2 protein chains.
Amino acid sequence: MQPEKLHEIDTIARFGAVLHEDDHLYREGDPFSAVYAVRSGVFKTYTLNGDGLQRVLGFHLPGELVGLDGIASNRYFSCAVALGTATACRFSFDALLDSARRFPDLQKSLLRLMSQEINASRRAVLERPAKERVVWFLLDFSRRLHERGQSATHFFLPMMRSDIANYLNITSETVSRAFSRLQTEGLIGIKQKELWLNDIPALIHLSSI
Amino acid sequence: MQPEKLHEIDTIARFGAVLHEDDHLYREGDPFSAVYAVRSGVFKTYTLNGDGLQRVLGFHLPGELVGLDGIASNRYFSCAVALGTATACRFSFDALLDSARRFPDLQKSLLRLMSQEINASRRAVLERPAKERVVWFLLDFSRRLHERGQSATHFFLPMMRSDIANYLNITSETVSRAFSRLQTEGLIGIKQKELWLNDIPALIHLSSI
DNA sequence: CGTAACTTTGACGCCCCTCAAGTTGGGTGG
DNA sequence: CCACCCAACTTGAGGGGCGTCAAAGTTACG
C-alpha cells in the first residue's frame, strides 16, 4: 500500500505480542474478525485435511497480509503459525472495511491484493516437474527477501524440508535429492538451513517460469 | 449475491450481445474495465504460456463472475471464451466500486466472491491422482448445474476432452482412459459429450474431496 | 464421400513415490 | 561436559502411475 496511507492504517491497527515458534495467529475454523500483516519473521499458513495432516499453503514474509481467506465464510480457512520468533500487526476487518469505504485507494489496494492471490504463480509451478518446483521455490523466496532489503544470494530457510515438499506437493525425499543435485551442479550451496544461490540466471533458466 | 440487491446491480449492468462458439469476452492483456456475469451458456477462461499454448483456468456457468483477475494489474490476466452460444452481463468496474462504497453488503459480497476463489477447492484436487481429478471434475460440474436447476445426473459437457485434461493438468488420453474405466465400472455412462452419473455416492467416495 | 479434428486404446519408459537404512545435529539429563 | 535420544535429513532400491508415441476409430462438415 502507499506510504501516505499508512497513518490511516495505523489508526485501525493493533500491534500484537511477540510470537515464538509454533505460536498461532489463528487456526482453521476460528471466527474471522481480523487480518494480519507480518512485521518480522516468517509465518506458515496451512490447512488440515481429513486425516489431520497439514497441507502447506504458503510462507509469508514481512509486509505480506494473511487471513484474507477467512472472508469467504466468516471463519478462517487456514492456520497461520510462526516459524521461529515473529511479530504481526492485527487489523480488525470491520474497521478495515469501514476505512475502505471512505478511502477508495485502500479499497482498490485490498481488491488488488486479493486479485494477486487469485493469480498467484504458485498454481502454475505445481504443474511442473519436481526439480523446477524446487528451483522456483528458491527463486521466489530469494526475490521476496531481496524486495525487503535482504540478500538474494545468501539466506536462511526457516522451514523444514517437509514443509517445502508439502507446499510444492512432492515428498521431502524429492526435495532433498533436488537440493543435492543442484549442489553437485554448483548452482547452489546448502548447509542445513543456510543457502547460497551461486548462479541465479542459470536457476531462472531451469525454472522457466 | 442477495436477490434484494439485484435492482441495484441492474443499474450498473449493461447487457452484452449474444456470443457464439470461440467469441471472446476479453483477452489476456486487454485493459481491464469491467467484470462479466455469465447469463447463459458456458465460458472457458485460460491463459497463454510462452509457447502460445492454453492453460485452462476454469469453466463458468450462469450466475458466475469472470474477469476479477484483471484487478491486480489493470489488465486482464486471462482470456474468456464462449463454449457455444452464450450471453454475459457486463459490469463497469468503476461503477461497481462506487456502488460497493455506498452499499456495504455489495462490498462484502465482492470480497467474499474473491476470497472463495482464493480458497477454491480446485487447488486441492490438483494434488490427487488422475482418476480422482476426473471424478471431482464431474461432481463439481454436476453440483453447479444442479444449483442452477438442471439435472445433476444427466447433462452435456460442452468442452473438449483436451480442455478437461488441461484444466486438471493431465493428458487427454488419461481423461479418456478414466472415462472408459468409470463406464466399465458402471459408475457413469458417457456417449460423446452426453454424460450420466449413475452412482453419485460411489463417485463422491472415489473423489474423497 | 472425403478430409480433418477429436477421441479412444495400446505399448513402453521415465519420473517420482514408497519403503528402508544410514547420517547428522540439537536438546536433555546425568 | 559428555552420552544419549530423537527428529530431521540424506541416500539408495524398487515399483507404479501417467506421459509419450503410435495407430485405429469416430464424428462433423464441406
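Hi everyone, let's start with one residue. Val38(B) touches Phe43(B), His60(B), Leu61(B), Pro62(B), Gly63(B), Glu64(B), Val66(B) and Ala88(B), leaving aside residues up to four places away in sequence. Before I go on, please keep in mind that this is a predicted model.

So where does Val38(B) sit? You'll find Val38(B) in strand E3 of chain B, which covers residues 34–40. Is Val38(B) buried or exposed? Val38(B) counts as buried because 21 other C-beta atoms lie within 10 Å, and the cut-off for being buried is 20 or more. One more distance for your notes: the C-alpha atoms of Val38(B) and Ala82(B) are separated by 9.9 Å, with the two residues 44 apart along the chain.

Now let's look at how the two chains meet. On chain B, 21 residues are in contact with 21 residues of chain A. Two elements of chain B, helix H2 (93–102) and helix H3 (104–118), each give two or more residues to the side that touches chain A. The largest share of that side, nine residues, comes from H3(B). If you sort the residues on this side of chain B by class, you get 10 nonpolar, five polar and six charged.

Next, please turn to chain A and find helix H5, residues 130–147. H5(A) has 18 residues, and from its first C-alpha to its last it reaches 26 Å, close to the 26 Å expected at 1.5 Å a residue. Which residues of H5(A) are buried? They are Arg133(A), Val134(A), Val135(A), Trp136(A), Phe137(A), Leu138(A), Phe141(A) and Ser142(A).

E9(A) and E11(A) run antiparallel and are joined by three bridges. Within this pairing, Phe156(A) has Glu194(A) as its bridge partner, and His154(A) has Trp196(A). E10(A) and E11(A) make a hairpin with two residues between the strands, and Gln192(A) takes a positive phi near 65°.

Phe155(B) has Leu195(B) as its bridge partner in E11(B). E10(B), residues 188–191, is joined to E11(B) by four bridges, also antiparallel, and Gly189(B) is partnered with Trp196(B). E10(B) and E11(B) form a hairpin with two residues between them, and Gln192(B) in the turn has a positive phi of about 65°.

Last stop: the DNA. Which residues come nearest to DNA strand C? Of the 16 residues around DNA strand C, the nearest are Pro129(A), Ala130(A), Thr174(A), Ser176(B) and Ser180(B). Two or more residues of this surface come from each of H5 and H7 of chain A, and from each of H6 (161–168) and H7 (172–184) of chain B. H7(B) gives the largest share, six residues. By class, the surface near DNA strand C has five nonpolar, six polar and five charged residues.

Around DNA strand D there are 17 residues, and the closest are Met160(A), Ser176(A), Ser180(A), Pro129(B) and Thr174(B). Here H6 and H7 of chain A, together with H5 (130–147) and H7 of chain B, each supply at least two residues. The largest share of the surface near DNA strand D, six residues, comes from H7(A). That surface divides into five nonpolar, seven polar and five charged residues.

Technical notes:
Residues are numbered from 1 along each chain as its sequence is written. Chains are lettered from A and ligands numbered from 1 in the order in which they are written. This is a predicted model: local features need pLDDT of at least 70, side-chain atom pairs count only at pLDDT 80 or more; totals for chains, interfaces and linings use all residues. The expected span of a helix is 1.5 Å times one less than its number of residues. A residue is buried if 20 or more other C-beta atoms lie within 10 Å of its own, exposed if 12 or fewer, and partly exposed in between; C-beta atoms are placed from the backbone. Two residues are in contact if their C-beta atoms, placed from the backbone, lie within 7 Å. Ala, Val, Leu, Ile, Met, Phe, Trp, Tyr, Cys and Pro count as nonpolar, Asp, Glu, Lys and Arg as charged, and the others, Gly among them, as polar. Two strands pair if DSSP finds at least two bridges between them. A residue is near a molecule or strand if its C-beta atom, placed from the backbone, lies within 6 Å of it.
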